[in-house]
Amino acid sequence: MENKKINIHDIHAWWNKAYSAGLQTEKDLLDKEPNHFIDLIYPDSVNSFEDIVFVLAKTGASRALIIFNENSCGFFGHFYKAGKNKMWFCQTDHQNAVLLRKLFPFTAPSSLKNEELTFGMGDRLDFASPGHLRTIKEYNAAPVLAQQSVRELTLTGRTYAEAIDSATWAVFQEGYRKPWGADGDHLKTPEMVREALGVGTTMITADISDYIRDEYAAADSTAVREAYNELDDYYRKRIERKYLENGYRFDTNEEFRFSAENLARIALIYKEALDFAGVLFTAGREVKSDFDFEVSIDETETPTSPQAHIFVQGELKNASIEFVSLAPRFIGEFQKGIDYIGDTLEFEKAFRTHAAIARYSGGYKISVHSGSDKFSVFPIIGKETLGHFHIKTSGTSWLEALRVVAEASPELFRRLYTFAVDVFPITSSHYYVTPDFNKLYGIDNRSDNELAEALDNPHDRRILHIAYGEIFKNESMKEELHTVLQENTERYYDILMKHFHKHLEKLGAKRKQ
Ligand code: ZN
C-alpha cells in the first residue's frame with residue numbers, strides 16, 4: 001500500500017543515510033538512544049490520522065512506531081528533525097499500544113459473535129501473530145489473536161495485557177482491518193474472568209471441568225438413584241419435565257431420548273459445573289456488558305454424549321447464560337500439536353451429532369480445543385458444522401518457531417532439543433501427552449539440514465511442544481531463541497503461512513474473492 005504523502009521507500013533510504021551520518025537534534029539523547037536504523041518499513045502499516053502518517057518499522061532487534069510530524073500525538077518516543085523532515089520514533093510498549101487502540105480502533109480486539117468461522121491463534125512468543133494475520137486475511141475467517149490460558153501465561157511469565165498489546169502491534173504492522181478477538185482461555189475462577197475482561201479480552205472461555213463429577217459416569221444405578229434423590233425437589237421436577245417428556249430429533253435424522261436413569265446420571269455429573277458456569281458468566285457481566293462466552297467441558301475423561309450435550313446447552317439457556325460457543329469432549333484423543341488419535345469414522349459419527357445439536361439449539365459454535373494439526377478430521381469438522389465453528393491452536397506456532405531455529409541455528413536447536421528431553425519429567429506434569437521415546441526422529445546421527453524433520457515426527461513434536469515453559473525459564477536460552485527469531489521474522493511468517501494454509505484448506509474455509 002502506498003500512501004499519497006509518504007513514499008516509504010524514499011523515506012527508508014533517506015532516513016538511514018541521515019541516521020548513519022549522525023543526524024541528531026536532541027544531542028543529549030544520542031548515547032541513550034535505542035537503535036533507530038530502519039531495516040524495514042512494513043508496507044501494510046502505513047496509516048494516517050488527521051493527515052499525520054504513521055508507520056511501523058523494524059529497527060534491529062525491535063520495532064518502532066514512526067510518526068511523521070512535529071507533534072507526537074501523545075505517543076512517547078524520540079524526536080528527530082532534519083531540514084523539513086520531522087519524525088518521532090516511538091517504542092512498541094504498553095503505553096503507546098493503549099493510545100494506538102484509541103487512534104486506530106481496528107487495532108483493538110472486538111466481539112466475533114457474528115463471524116462464521118473463528119480461529120484461535122495463540123502466540124506464546126510474541127512473534128507469530130503477523131504470520132497468522134497474513135494467512136487468515138486470505139479467508140473468510142476471523143482470528144482470535146491474543147488467546148492464552150492461565151497455564152500458558154504462567155509458563156511464559158506474561159500477562160493478558162501483554163498478550164493483547166502484542167496482538168495490537170501485529171494488527172497495525174499487517175494493516176489488518178477486520179474484527180479480531182482476545183480470549184481469556186480456560187479460566188477457572190471469577191477473579192480471573194474479571195481480570196481478563198478488565199484488561200481488554202473480548203472472549204472468555206470458562207473452564208468448568210473441575211466441577212464435572214465424572215465419577216457418576218461409572219457409578220451403579222443404585223448409587224445414582226440415591227444421589228439424585230438428594231437433589232432439590234424443584235430442580236428434579238423441572239429437568240424431568242424438560243428432558244424426559246420429549247424426544248429430540250435433529251436434521252441428521254437422528255433421534256435421542258433420555259431415560260430416567262440417564263437424566264439422573266447426567267444431572268449429577270454436570271449440575272455443579274453448570275452452576276459454576278453461571279458464577280463465571282455473572283462475574284464477567286460485572287465488568288463488561290458484552291463479551292463472547294465459551295463454555296468448555298472438554299478437559300474431562302468421558303466423551304460428551306449426545307444427551308449430555310443436549311442437557312448442558314439446555315441448562316445454560318435455562319440459566320440465561322448467553323454463550324457463543326461450547327467445547328464438548330470429543331471421542332478419541334486431541335493431543336496438542338499432532339494429528340487426531342482414534343477412529344476417524346467414529347469421530348465423524350459423534351461429531352455430526354454434536355454439530356446437529358448446536359444447529360438445533362440456536363446455532364452456537366462447536367469449539368474444537370487443542371485443534372492444531374488435526375488434519376485427518378479437519379474435513380469432517382468443516383463439513384459437519386457447515387463452516388460454523390471455533391477452533392483453538394497455540395502450541396503449534398511455537399513448534400513452527402523451532403523449525404526456524406532448526407534451519408537458522410542448528411547448534412541452538414540441538415541444545416533446545418536435548419534440554420526438552422531432559423525436562424520431560426517436569427513438563428509432562430503440566431500436559432497430557434504420550435510420546436513414544438523409541439519412535440523419536442532424534443538429533444544424534446542427523447546432519448544439520450535434517451534437523452527440521454524432527455518437527456514432522458509426532459513423538460518429537462510432543463516433547464518439544466510442552467518444553468516451552470522450561471525453556472523460557474532459562475534466561476540465556478530464551479534470549480538466544482529470541483535473537484534467532486528476530487533475525488528471521490519473515491522466514492517465520494512464511495513457515496506459519498504454509499502451516500496455517502494447510503489448516504484452513506483442510507477445514508474447508510472459504511477463500512476471499
Ligand atoms: Zn480445552
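## Charges over rings

A charge is taken to sit over a ring if NZ of Lys or CZ of Arg is within 6 Å of the ring centre and within 35 degrees of the ring normal. The charged end of K502 meets this description over the ring of F375, at 4.2 Å from its centre, and K271 lies over the face of Y235, 4.8 Å from the ring centre.

## Basis of the model

This is a predicted model, in which local features need pLDDT of at least 70 and side-chain atom pairs count only at pLDDT 80 or more, while totals for chains, interfaces and linings use all residues. Residues are numbered from 1 along each chain as its sequence is written, and side-chain values use heavy atoms, with hydrogens and water left out.

## Aromatic pairs

The structure holds 32 aromatic pairs, where rings of Phe, Tyr and Trp (its six-membered ring) pair if their centres lie within 6.5 Å, and planes under 30 degrees apart count as stacked, over 60 as edge-to-face and the rest as tilted. One of them is the edge-to-face pair of F49 and F104, at 6.4 Å centre to centre with 75° between the planes. F49 lies in strand β2 (residues 47-49) and F104 in the loop between α2 (94-103) and β7 (117-121), so this pair ties together parts that are 55 residues apart in sequence; helices (H or I, at least four residues) and strands (E, at least two) are DSSP runs, numbered from the N terminus.

F49 is partly exposed, at a relative accessible area of 25%, whereas F104 is buried at 4%; buried means under 20% relative accessible area, exposed over 50%, and partly exposed in between (1.4 Å probe, protein chains only).

## An aromatic cluster

Y243, Y248, F250, F256, F258, F311 and Y360 form one aromatic cluster.
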